[in-house]
Amino acid sequence: MKFGDTLRCLIEDNDKTQKEIAKELNIAPTTLGNYIRNLREPDFKTLISIANCFNVSTDYLLDNAGRKEISTEQERLLNIYSRIPREKKGLFIEIGKLMCKK
């Protein structure tokens, strides 16, 4: 998955607008749009800011091939889980268990 595709998924998963994310990152919305459309890539400082904003690793953002032990879908699920309030994490796990039953 390309950087922009990963970034688009993160924005969608966090239920925020591109404008809100751009403001949080202190970059122009057009710059963020160019990242999402894979027309530009961020510098190192911005890449780190994006990773921190979404609580993911820079390896995840860059789709580092060295991380074969966890899939993109699994990392997205972990990202969602990390944002759930502590008191609701048990419910999330129980729902997952129910979904696994045949």
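## Terms and basis

A crossing of two helices is left-handed if the near helix is turned anticlockwise from the far one by less than a right angle, and right-handed if clockwise. Helices (H or I, at least four residues) and strands (E, at least two) are DSSP runs, numbered from the N terminus.

The structure is a predicted model, in which local features need pLDDT of at least 70 and side-chain atom pairs count only at pLDDT 80 or more, while totals for chains, interfaces and linings use all residues. Residues are numbered from 1 along each chain as its sequence is written, and side-chain values use heavy atoms, with hydrogens and water left out.

## Overall make-up and confidence

The protein has seven helices and zero strands. Its elements, from the N terminus on, run α-α-α-α-α-α-α. Taken along the principal axes, the C-alpha atoms fill a box of roughly 45 × 30 × 20 Å.

The average pLDDT (the predictor's confidence in each residue, from 0 to 100) is 87, and 92% of the residues score at least 70. Confidence is highest in helix H3 (residues 29-36), with a mean of 96, and lowest in helix H6 (residues 72-83), with a mean of 82. Where pLDDT is low, the predicted coordinates should not be read in detail.

Two packed helices are described by the angle between their axes and the distance between the axes. Axes are lines fitted to C-alpha atoms, for helices over the stretch in contact, and angles run from 0 to 180 degrees between N-to-C directions. Angles under 35 degrees count as roughly parallel, over 145 as roughly antiparallel, 65 to 115 as roughly perpendicular and the rest as oblique.

Helix H2 (residues 18-25) packs on H3 at an angle of about 110°, with the axes 8 Å apart. H2 is therefore roughly perpendicular to H3. Their crossing is right-handed. Gln18, Ile21, Ala22 and Leu25 of H2 make the contact (heavy atoms within 4.5 Å) with Pro29, Leu32, Gly33 and Ile36 of H3. These residues divide into six nonpolar, two polar and no charged. In this grouping Ala, Val, Leu, Ile, Met, Phe, Trp, Tyr, Cys and Pro count as nonpolar, Asp, Glu, Lys and Arg as charged, and the others, Gly among them, as polar.

Helix H1 (residues 3-13) and helix H4 (residues 44-54) pack at about 30°, and their axes are 11 Å apart. This angle makes H1 roughly parallel to H4. The crossing of H1 and H4 is left-handed. On the H1 side the contact involves Phe3, Leu7, Leu10 and Ile11, which meet Leu47, Ile50 and Phe54 in H4. The contact residues are seven nonpolar, no polar and no charged.

H2 and H4 cross at roughly 120°, and their axes come within 10 Å. The two helices are therefore oblique to each other. H2 passes H4 in a right-handed crossing. Ile21, Glu24 and Leu25 of H2 and Ser49, Ile50, Cys53 and Phe54 of H4 make this contact. The residues here are five nonpolar, one polar and one charged.

## Asn34

Asn34 lies in helix H3. Its side chain makes a polar contact with the side chain of Arg37 at 2.8 Å. A polar contact is a pair of N or O atoms within 3.5 Å; within protein, one must be able to donate a hydrogen and the other to accept it, and residues adjacent in sequence count only if both atoms are side-chain atoms. Leaving aside neighbours within four places in sequence, Asn34 is in contact with Leu39 and Arg40.
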